Structure formats: structure tokens, C-alpha cells
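Please consult the sequence and the structure shown below while reading.

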2 protein chains.
Amino acid sequence: MTERPPHGSARPGGRTARTRAAVLAAAYEELDRDSFAALTLDRLARRSGVHVSTIRRRWRTVEGVVVELLAERGSTLPTPDTGDFRRDLTQLTQAIADFNNALRNRNVLQGLLAAAAHDPRVEEIVRAAFVRRIEEVTLIARQAVERGEIPEDTDPREVIAALAAPLYYRVLILRGSIDDRLVHTTVETTYQAARSGVFVRKGEREG
Amino acid sequence: MTERPPHGSARPGGRTARTRAAVLAAAYEELDRDSFAALTLDRLARRSGVHVSTIRRRWRTVEGVVVELLAERGSTLPTPDTGDFRRDLTQLTQAIADFNNALRNRNVLQGLLAAAAHDPRVEEIVRAAFVRRIEEVTLIARQAVERGEIPEDTDPREVIAALAAPLYYRVLILRGSIDDRLVHTTVETTYQAARSGVFVRKGEREG
């Protein structure tokens, strides 16, 4: 119980890294077959071949594993940089759509939000993960400002949140998949609002 | 176990109606103090004075009680009808904001989505409740079409979903409250998109 490996201390390809990869892959496979609710540490142990006590020591709970999975998979989405604001928005929207249209990713998201309702620590982790992800892709809006495609003083986080919101509303509230029509209306809505200055904060500091 | 009262069979003011009111009120009070996760049938029984077996017979689970609570409280939000599209959008957005900024309502929503991740029946009930609610307030968009404020063939459900999405994204993903700035940007974004025809479906039948 005292040998708890510090996070990220392992050499790539070392035993700790292999254990981590095996457990995250097992979680991803399980969530492709069944909902988050059905996921247990025992199932992860069986599928990954890693002992359940090792998993418990490192991640404590199923939520711990899945938060790490979300962070890893989510951050593989690239930030588009085509030199054109509307094209960047379209590519980002399509990437979010593809990600959430995969059943297992939707299971990850819904499971984490369920866990967040029961555990403030999970809630904070989920919130921070999204804030960080939004921050990354604000590049799209900041470059559009630099190119003069949208007004100065545009709040780049508001642009990205406006783009993401209809997609998550579809998945979380209407419990449906993100189709081409929604990608189109979301891009156009955000594009026009940004162009016309809806997200300009005049004389305000960015928080 | 055989006397399960059919839904809505009681006279108003009768014993069944009083039981229902007491249990829903108890749930609402509990959710103002504590999260959905802490809510149990026993706590509902204690606070309402209704026997736990009666509650279980009528609603089966805590989720059953809370779904009925959501339907009741949610449908008390009026559909604005000011004769002006932008003003209608503003009033509706403010009403959704006020509703979700009350801690207990947020607890209801987050708890139900948590339950939905674990139980397909709850998922369907939540989905249906939102679809029904959207349908009700499409009146705003349909009247704007009639007045010529937004184009013919505008899909009224898309207008309402565009308005609601940023608000629920704030609550469910960013885990924050809905402030005046978000009300403003949401109304303007939706208003401009609707005016410029983003939600027009040409030559398509409404599903």
C-alpha cells in the first residue's frame, strides 16, 4: 500500500505505462459494450489483466479511470487552423460531433456527469477539463480577430461556448446524436453572432 | 399492493391529491438543502408525513417523484407572448435562467440526468419532458413567422433549442449559474440567426 506510483513517473513503455494503457483501453472497450453504470473495478481488472488492487491504488474509483480516459481522448482532438474562421468553426464542430457520436464517448460523458451530481470532486474535475479544452481552442477565435474576420474585444471563450452548447444540448438533454443539420446551424449561428459583435465585451476585462 | 391509484383519478383536494402535494413539496424542500444523491424514500416519508410504502406504491422510486416534480414546476413557466420576437426570446431566456439558478431546480435537473445515465426509462422520461416543453414554447417562433419577423419555413423547434442550449451548457457542463451577460448573448445570437434564416428548412417536411 505504500508503493503508490507517483503519477507520470514511469518511463514510457515501462511497467507503469503499460498498466495505465491496459486499464484505459479496457475502460474504453467496456464503455463500447455497456453503460457507465455497468462499469466496475472488477470488470476493468478482468479485461485489462491488471490486478484490481493495483487499479484501486492508482485511480481509487471507476470515475478516476474514466476522468483520465476523457482527458486523454478529448485532448487528441486537434485545434483547426485553416486560415479561415468559418472553416475552422466547421472543422471543430465536426470533430466534437464525431467524438460525441461514438457511443462509448457519450457513455463516458454521461457517466461523468452522473458521477458529478453525486461527488463535488468529480464535478470539479469535469468542469476543469471542459474549461481547459475551451481555452485550447479559443485560438480559433483569437486568430479570427487578428485576421480582422471578427471584431476586436471579442471574448474568445464565449465564441467557443456558443459553438459547443447546441452539440451538448443535443447529446445531454435531447439524448440524440449530432447530425449534419445541427453541425450546419451551429456553425452558422456562431459565425454570424461573432461577426456581428455579439461576443464583444467593451471596456471589460477578460476574467 | 393492488390498490395502486390511477394517476389523476383523485378529486382535487381529495386525500390522493393531498398526498401527492405533500410528497412533491417534501421533495422540493429536501432538494433545497441537499443534493439529489442524498434524497431517499425514507427522507421523503419523514418530511411529508406520508408513509414510505404509500410513496413507493405510487412512484416506485425517488426518480419517479422527481420526474413528476420537474414536470409540474417546469410547466409553470409561462410562454411569453408580447407581440415582439426579441422581447419574447428575452422573457423566455430569463425565465429559464431564473428556474435553473434556483439551487433545488438545478439539483432536480442534475439528479435526473444522473439517473438517466443509469436507467433508460428515466432517460426517456427526461427526453420526453424536454421535447414537450420545447414544443409548447415554439409558439414564440411560430408567431414571429406569422408577424413576418422571421422567414417562413423557419423550424420553430430549432429556434427554441438554439435559445435553450447555451443556458443548459452553462449549468451542466461549466457548472455555473446563468448571468445577465449569458442571457444577453443567447438572445442576440438566436435572434440574429433566426432573422437571417439559419433555421429555415427549405423543401423539407418538419419531422
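Which residue follows α10(B), and is its phi positive or negative? The residue is G197(B), and its phi is positive, near 90°.

The structure is a predicted model, in which local features need pLDDT of at least 70, side-chain atom pairs count only at pLDDT 80 or more, and totals for chains, interfaces and linings use all residues. Residues are numbered from 1 along each chain as its sequence is written, chains are lettered from A and ligands numbered from 1 in the order in which they are written, and side-chain values use heavy atoms, with hydrogens and water left out.

## Helix α10 of chain B

Helices are DSSP runs (H or I, at least four residues), numbered from the N terminus. Helix α10 of chain B comprises 16 residues, 180–195. The expected span of a helix is 1.5 Å times one less than its number of residues. For α10(B) this gives 22 Å, which agrees with the 22 Å between its end C-alpha atoms.

Residues are classed by relative accessible area: buried is under 20%, exposed is over 50%, and partly exposed is in between (1.4 Å probe, protein chains only). Because 12 of the 16 residues of α10(B) are buried, the helix is largely enclosed by the rest of the structure. Among them are R181(B), L182(B), V183(B), E188(B) and Y191(B). Contact means heavy atoms within 4.5 Å. The buried residues of α10(B) pack against α9 (156–173) and α10 (180–195) of chain A, and also against α5 (85–101) and α9 (156–173) of chain B.

## The interface of chains A and B

In the interface, 35 residues of chain A are in contact with 35 residues of chain B. The size of an interface is often given as the accessible area lost when the parts come together. Here the area buried between chain A and chain B is about 3,300 Å², of which carbon and sulfur atoms give 66%; buried area is the accessible area (1.4 Å probe) that two parts lose on being put together, summed over both.

The rule finds four salt bridges across the interface, a salt bridge being a side-chain nitrogen of Lys or Arg within 4 Å of a carboxyl oxygen of Asp or Glu. Eight residue pairs are in polar contact across the interface (both at pLDDT 80 or more). A polar contact is a pair of N or O atoms within 3.5 Å; within protein, one must be able to donate a hydrogen and the other to accept it, and residues adjacent in sequence count only if both atoms are side-chain atoms.

On the side of chain A that touches chain B, α6 (103–118), α7 (120–137), α9 and α10 of chain A each supply at least two residues. Helix α9(A) gives the most, with nine residues. This side of chain A divides into 21 nonpolar, seven polar and seven charged residues. Ala, Val, Leu, Ile, Met, Phe, Trp, Tyr, Cys and Pro count as nonpolar, Asp, Glu, Lys and Arg as charged, and the others, Gly among them, as polar.

## Salt bridges

Side chains of opposite charge can pair when their charged atoms come close. Over all chains, the structure holds 32 salt bridges, including those tabulated here.

| Residue pair | N to O distance |
|---|---|
| E158(A) and R181(B) | 2.7 Å |
| E123(A) and R175(B) | 2.7 Å |
| E135(B) and R157(B) | 3.5 Å |
| E30(A) and R43(A) | 2.9 Å |

E30(A) lies in helix α1 (residues 15–33) of chain A and R43(A) in helix α2 (residues 41–48) of chain A, so the pair ties together parts 13 residues apart in sequence. E30(A) is buried at 7% relative accessibility, whereas R43(A) is partly exposed at 24%.

The side chains of E123(A) and R175(B) also meet in a salt bridge. This pair crosses between chains, from helix α7 of chain A to the loop between α9 and α10 of chain B. E123(A) is partly exposed, with a relative accessible area of 23%, and R175(B) is buried, with 15%.

## Two residues of chain B

S48(B) is placed in helix α2 (residues 41–48) of chain B and counts as buried at 17% relative accessibility. Leaving aside neighbours within four places in sequence, S48(B) is in contact with A22(B), V23(B), A26(B) and I55(B).

T82(B) is placed in the loop between α4 (62–74) and α5 of chain B and is partly exposed, with a relative accessible area of 29%. A polar atom of the T82(B) side chain lies 3.2 Å from the backbone oxygen of D84(B).
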